[in-house]
Amino acid sequence: MSEGAWDVTLDGVRFDGDRPLLDLSPSASARVRLRGSSEAIGRSATAATVRVPQGASAVFQSFSEGSLRAESAGRGAVVGGSAQEASGSITFVSGTVEAVARGGGLNMVAAIGGGSDQTNGPIVIDGGTVKASIEEGVTITSAIGCCSAGRSKGPAPITIRGGKVEARGNWSSSGIGGHNYGGFGEGSSVEVSGGEVTATGGFQADGIAAESVSFSGDAKVSVTGTRYAAGVAAKELRVSGGSVDVMAGGLLSAGVDADKTQVTGGTLVVRPLDGQTNMGLHGALDVSGGRVSVKAQVPGSSGWPGCAAPAIWG
């Protein structure tokens with residue numbers, strides 16, 4: 001799709017091929033309307049299934065609860081950039097979009113966001129249902145966001161203001177933001193002010209990871225990390241509203257690992273995973289409002305005699 005504004009309707013589409021279902025040029029914008037149930041299976045080793053490169057923009061909305069389920073098979077995102085290509089602006093307004101990345105190996109590609117080893121443009125979720133998952137060994141990445149936070153510079157914000165969001169990583173891939181291998185993407189942020197969000201990290205990956213993470217408004221958030229990783233990892237975590245439940249996901253992990261956690265409103269609950277040695281919160285904690293509950297755990301069968309797991313460790 002060349003430069004300019006486009007209106008596209010997907011109505012019961014069935015696509016299976018090695019090229020993108022939709023291919024926007026860097027100067028194109030598209031409103032993608034979902035009607036009925038559509039499915040797109042991308043089999044390219046390099047192309048995104050729905051290509052939205054840097055400079056382009058796509059807005060997804062639906063008629064009568066329309067839906068799109070899409071898969072990728074290589075180094076291109078499901079929705080976003082192709083191989084070695086940053087993504088443009090991606091917005092979800094209504095309908096259901098499910099994105100499943102099945103590239104396998106060390107492809108470092110997001111389900112929604114940047115192509116292999118590249119950053120993401122703005123991602124906004126205002127409504128509808130958005131499901132994103134990493135499958136079959138796609139590593140050092142995130143389901144929604146940038147592909148390799150330690151290597152990607154300048155990822156744009158990920159903003160969730162409504163709807164229902166489910167993001168699940170796989171081996172070394174986080175749910176939302178960027179995996180913390182080697183550090184965060186410079187300036188990366190995840191802002192959740194509404195909707196229902198469930199984010200789960202894969203093995204050795206955080207549930208949500210970014211330099212700045214904030215929860216506000218009436219958001220309902222559930223985040224789980226995994227072994228040796230945190231539920232939420234950030235330089236700064238701010239909670240001013242909403243209900244936030246963070247679980248440390250595995251052996252020797254923390255629920256929250258942030259240089260500074262500031263709570264001015266809402267509810268923050270940090271709790272351990274049953275049967276594992278988990279720390280509660282790592283870093284400085286500043287509470288001036290709201291409600292905070294932090295717990296840690298050292299089970300008798302942990303296999304780590306004398307190991308201390310403090311609830312709060314500054």
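D117 came up at 22% relative accessibility, so I put it down as partly exposed; buried would have needed a value under 20%. I found D117 in the loop between β10 (112-113) and β11 (123-125). Its phi is near 55°, a positive value in a residue that is not glycine.

I noted Q84 alongside it. Phi of Q84 is near 55°, again positive in a residue other than glycine. Q84 sits in the loop between β7 (79-80) and β8 (89-92).

**Confidence**

I am working from a predicted model, so I looked up pLDDT. The mean for the protein is 87, and 85% of the residues reach 70 or more. Residues 301-306 have a pLDDT below 50, and in the model this stretch has three contacts beyond near neighbours in sequence. Where pLDDT is low, predicted coordinates should not be read in detail. I left that stretch alone.

**Overall make-up**

How many helices and strands does the protein have? I got zero helices and 25 strands. Of the 314 residues in the protein, 56% are buried. I also checked contacts between residues at least 6 apart in sequence: 75% of them join residues at least 24 apart.

**Aromatic pair**

I searched for aromatic pairs and the structure holds one. The ring centres of F60 and F92 are 5.2 Å apart and the planes lie at 15°, so I logged the pair as stacked; the cut-off for stacked is under 30 degrees. Which parts of the chain does the pair tie together? F60 belongs to strand β6 (residues 57-72) and F92 to strand β8, so the pair links parts that are 32 residues apart in sequence. Buried or exposed, these two? Both F60 and F92 are buried.

**Cavity**

Next I looked for cavities of 30 Å³ or more, and the count came to one. The volume of the largest cavity is about 30 Å³. I listed its lining: N120, C146, P155, A156, I158, G177, S188, S189 and V190. What does that lining look like by class? I sorted it into five nonpolar and four polar residues, with no charged ones.

**To keep in mind**

When I come back to this model, I will start from the stacked pair of F60 and F92 and the lining of the largest cavity, which includes N120 and C146. The stretch 301-306, with its pLDDT below 50, stays flagged in my notes.

Notes
Residues numbered from 1 in each chain as written. Predicted model: local features only at pLDDT ≥ 70, side-chain atom pairs only at ≥ 80, totals over all residues. Heavy atoms only, no water. pLDDT = per-residue confidence, 0-100. Contact = heavy atoms within 4.5 Å. Helix = DSSP H or I, 4+ residues; strand = E, 2+ residues; numbered from the N terminus. Buried < 20%, exposed > 50% of the residue type's maximum accessible area, 1.4 Å probe, protein only. 1 Å grid on protein atoms, 1.4 Å probe; cavity = no way out; pocket = protein on both sides within 12 Å on 5 of 7 lines; lining within 4 Å. Points joined across faces, edges and corners; volume = space filled by probe spheres on them. Nonpolar A, V, L, I, M, F, W, Y, C, P; charged D, E, K, R; others polar. Phe/Tyr/Trp six-rings, centres within 6.5 Å; stacked < 30°, edge-to-face > 60°.
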